[in-house]
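Subject: Structure for your review

Dear colleague,

Please find below the structure that I am handing over to you. My notes on what was found in it follow directly after.

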Amino acid sequence: MLVLGYAVLTAVLVLLTYAMAILVLTLISIRRGRFYFPRLIKPGLIIVEGLLRSLWRALRLDDKELTSFAIRLRNQMNHGKFCNVPMERRAIFLPQCLRSAKCPADLTTEGLVCRRCMRCDIGKAIDQLEEDGRKVFIVPGSTFIKRMIKAYRPQAIVGVGCLLEVKEGLEMADGIDMVAMGVVTSKDGCVETTMEWEKLLEVVRLVPGDPLTTVSLAS
Ligand code: SF4
């Protein structure tokens, strides 16, 4: 019993030390705007996420900052692979909340199909997003992305959404070995949200050698 107690205590201490190390590395990375030991931080953010968030809150730090950092880190780590994927093998998933409340788009098995009525910015940007054979979907529901990945087998995806959606989307993509980049909307909400379209266009057009510079991809 005593041995078991020591083993549990040791495991807890190891986990706590690991979480503290990840916390310090994450904090330094955020403050200095650079990623230190990304290959160490990324699994850390996954394995001890709950503990890390508790420590983060205990230090009265903004939860959003940690989520935003996790997104930027994943984007940074996927950047090289993403650049190498041909344009026509990329798929872009837009959230339906970017549409106008008066959107006349039809709901089909391939998602909402924009009629380019120009009541929202999707209509203005969609032709550029679709350039070079990229596939663009307006997502009507949560299981849609996985279904389209299965149907179209893109080699890389770009997901747009609020902080939490993008974080969960990147985790989902990681889980199925899909190269993914996340772009966060500039206004949260369920209807008529907004985003920086230039930022999205910059991401979807990335080619080998392009740096991930002006795009923080999460704010
Ligand atoms: S431009 Fe497209 S997505 Fe926007 S409101 Fe019109 S049909 Fe809907």
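In which helix does T67 lie? T67 belongs to helix α4, which covers residues 63-83; helices here are DSSP runs of H or I with at least four residues, strands are runs of E with at least two, and both are numbered from the N terminus.

Please note that this is a predicted model, in which local features need pLDDT of at least 70 and side-chain atom pairs count only at pLDDT 80 or more, while totals for chains, interfaces and linings use all residues. Residues are numbered from 1 along each chain as its sequence is written, and side-chain values use heavy atoms, with hydrogens and water left out.

T67 counts as buried because its relative accessibility is 6%. The term buried means under 20% relative accessible area, exposed means over 50%, and partly exposed lies in between (1.4 Å probe, protein chains only). Leaving aside residues up to four places away in sequence, T67 touches R53, L163 and K167, where contact means heavy atoms within 4.5 Å.

I turn next to the charged residues. Side chains of opposite charge can pair when their charged atoms come close. A salt bridge is counted when a side-chain nitrogen of Lys or Arg is within 4 Å of a carboxyl oxygen of Asp or Glu. How many salt bridges does this rule give? The count comes to nine.

One of them joins R74 and D174, whose closest N and O atoms are 2.6 Å apart. This pair links distant parts of the chain, as R74 is in helix α4 and D174 in helix α7 (residues 163-175), 100 residues apart. R74 is buried, since its relative accessible area is 8%, whereas D174 is partly exposed at 27% relative accessibility.

Another salt bridge is formed by R116 and D127, with 2.9 Å between the closest N and O atoms. R116 is in the loop between β3 (111-113) and α5 (121-130), and D127 is in helix α5, 11 residues apart. R116 is partly exposed, with a relative accessible area of 30%; D127 is also partly exposed, with a value of 46%. R116 and D127 are linked with E130 in a network of salt bridges.

Finally, the side chains of D132 and R134 meet in a salt bridge at 3.9 Å, N to O.

With kind regards
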